[in-house]
Amino acid sequence: MGSEPYVDQEICIGCGLCVGIAPEVFRLNESGVSEVYANDPGERDKVQQAIDSCPVNCISWR
């Protein structure tokens, strides 16, 4: 497992599930897709939950 969450914005469909799970880490950008705006080590469990819940598997660790 890496140390930084990463969103592949080419795959993201902008469902917002990750934002709902970990708003401290993810947000929807101007294009309507998810992005990582803060890498908070204290939120690793929530980030992993977002990774596991993403319907298109566009979130990963790197």
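I started with burial: 32% of the 62 residues in the protein are buried. Buried here means under 20% relative accessible area, exposed means over 50%, and partly exposed lies in between (1.4 Å probe, protein chains only). This is a predicted model: local features need pLDDT of at least 70, side-chain atom pairs count only at pLDDT 80 or more, and totals for chains, interfaces and linings use all residues. Residues are numbered from 1 along each chain as its sequence is written, and side-chain values use heavy atoms, with hydrogens and water left out.

Next, the fold. I found two helices and four strands, in the order β-α-β-β-α-β from the N terminus. Helices (H or I, at least four residues) and strands (E, at least two) are DSSP runs, numbered from the N terminus. The radius of gyration is 10 Å, close to the 11 Å that the globule rule gives for 62 residues, so the protein is as compact as a globular protein of that length. That radius is taken over C-alpha atoms, and the rule is 2.2 Å times the number of residues to the power 0.38.

Then the core. The largest nonpolar core has 15 residues, and Val-7, Phe-26, Val-47, Ala-50, Cys-58 and Ile-59 touch the most other members. Helix H1 (17–21), helix H2 (44–53) and strand S4 (59–61) each give two or more residues to this core. H2 supplies the largest share, three residues. Such a core is a set of buried Ala, Val, Leu, Ile, Met, Phe, Trp, Tyr and Cys residues joined through side-chain atoms within 4.5 Å.

I checked Ser-34 in strand S3 (residues 34–36). Ser-34 counts as buried because its relative accessibility is 1%. Leaving out residues up to four places away in sequence, Ser-34 touches Val-7, Gln-9, Cys-12, Cys-18, Phe-26, Arg-27 and Leu-28. Contact means heavy atoms within 4.5 Å.

Last, the cysteines. How many disulfides does the structure hold? I found zero. A disulfide is a pair of cysteine sulfur atoms within 2.5 Å. Cys-12 is buried at 13% relative accessible area, and Cys-54 is buried at 10%. Beyond its neighbours within four places in sequence, Cys-58 is in contact with Tyr-6, Val-7, Asp-8, Ile-11 and Cys-12.
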